Amino acid sequence: MGSPLLQVDSVRKVFRTSRWPARAVHTVACDDVSLEVAEGESVGIVGESGSGKSTLAGIISGLTRPDSGSVRLSGRDVYPRGRFDRNAWRTVQLVFQDPYTSLNPVMTLEDTVAEPIRSWHGASDREARATARETLELVGLGGELVTRHPRDLSGGQRQRASIARALAASPTLLILDESVSALDVSIQAQILELLLRLRTERDLAFLLVSHDISVIRLFCDRVLVMCQGRIVETCAAEDLSVDTVREPYTRTLLSAVPVLGDHRKPHPVDVAATARSAM
Ligand SMILES: Nc1ncnc2c1ncn2[C@@H]1O[C@H](COP(=O)(O)OP(=O)(O)OP(=O)(O)O)[C@@H](O)[C@H]1O
Ligand SMILES: [Mg+2]
């Protein structure tokens, strides 16, 4: 068997919050984390707030250098001798919860999506724009929308634009860090449906960080459970239920999913059900 698409080995990251040694607070955000993702596989990451999910996503996508451990993409070290290999990073794209983070406010959508095609794939300006328009069309942002700036879009449209920008880099691994959580239930369902389609059409692998257990069950093959910087349990996504999981921590996490009575946040099952029924 060949090497997995992504191989993370014993990664550790400690944040220090003060330059003054006496006042420094050390937070172990990732502690001896190892995981593998095969080509085309979808892996979910769940865990309470502050358990290290975004730090891990940042390490895998090249934004945060680990203190120790290694990250390999298709067998190639992303941090050779502690340095970051920019070429390896192109095949991994991260979509944040807040699309403003990845969209340049002064660029139109077409320019935003054309930029990685031009700079990373060496396409001419004309080719890059044509591919950008195709990619934007794919995520449902065709027509005059391509000439708009991020501020002139709705939250859901902005999130689609950041997904289009990530796709423009032709990634083999797409990391979604709570990328749909802030959106309303019907937009979430539309974006999930799009991602499910892309997963099949492009054989993309996914790492999906989400608090939404039903979305994880719908979307992922496998789930990693994080607690205080460590992976404490790994299971098949379909086994992610209070009755089947092994660890008490995972059980507590699952029991904390809102079921009834929270009118501010729609029940997550609705999102998954809507996405599924739209397929
Ligand atoms: N740049 C930073 N400097 C200092 N501490 C940090 C930094 N980034 C993260 N941390 C700390 O590391 C820990 C893990 O944070 P992280 O953002 O990875 O958690 P998370 O699981 O993504 O949480 P959430 O579900 O709330 O997004 C937290 O205690 C956080 O305060
Ligand atoms: Mg986070």
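Which element gives the largest share of the shell around ligand 1? In this predicted model, that share comes from α1, which contributes three residues.

**View 1. The shell around ligand 1.** The residues that surround ligand 1 are Phe15, Thr17, Thr27 and Ala29, together with Gly47, Ser49, Gly50, Ser51, Gly52, Lys53, Ser54 and Thr55. Two elements, β2 (26–37) and α1 (53–60), each give two or more residues to this shell. By residue class, the shell around ligand 1 holds nine polar residues, two nonpolar residues and one charged residue.

**View 2. Helix α1 and the residue that follows.** The helix α1 is mostly covered, with eight of its eight residues buried. Just after α1 comes glycine 62, which takes a positive phi of about 90°.

**View 3. The largest nonpolar core.** This core has 69 residues, of which Ile60, Ala164, Leu173, Ile175, Leu207 and Ile216 touch the most other members. Helix α5, spanning residues 155–168, supplies the largest share of this core, namely six residues.

**View 4. The contacts of leucine 207.** When its neighbours within four places in sequence are left aside, leucine 207 is in contact with Val37, Val43, Ile45, Ala57, Ile60, Leu173 and Ile175.

Conventions: Residues numbered from 1 in each chain as written. Chains lettered and ligands numbered in written order. Predicted model: local features only at pLDDT ≥ 70, side-chain atom pairs only at ≥ 80, totals over all residues. Near = placed C-beta within 6 Å. Helix = DSSP H or I, 4+ residues; strand = E, 2+ residues; numbered from the N terminus. Nonpolar A, V, L, I, M, F, W, Y, C, P; charged D, E, K, R; others polar. Core = buried A, V, L, I, M, F, W, Y, C linked by C-beta atoms within 7 Å. Buried ≥ 20, exposed ≤ 12 C-beta atoms within 10 Å, placed from the backbone. Contact = placed C-beta atoms within 7 Å.
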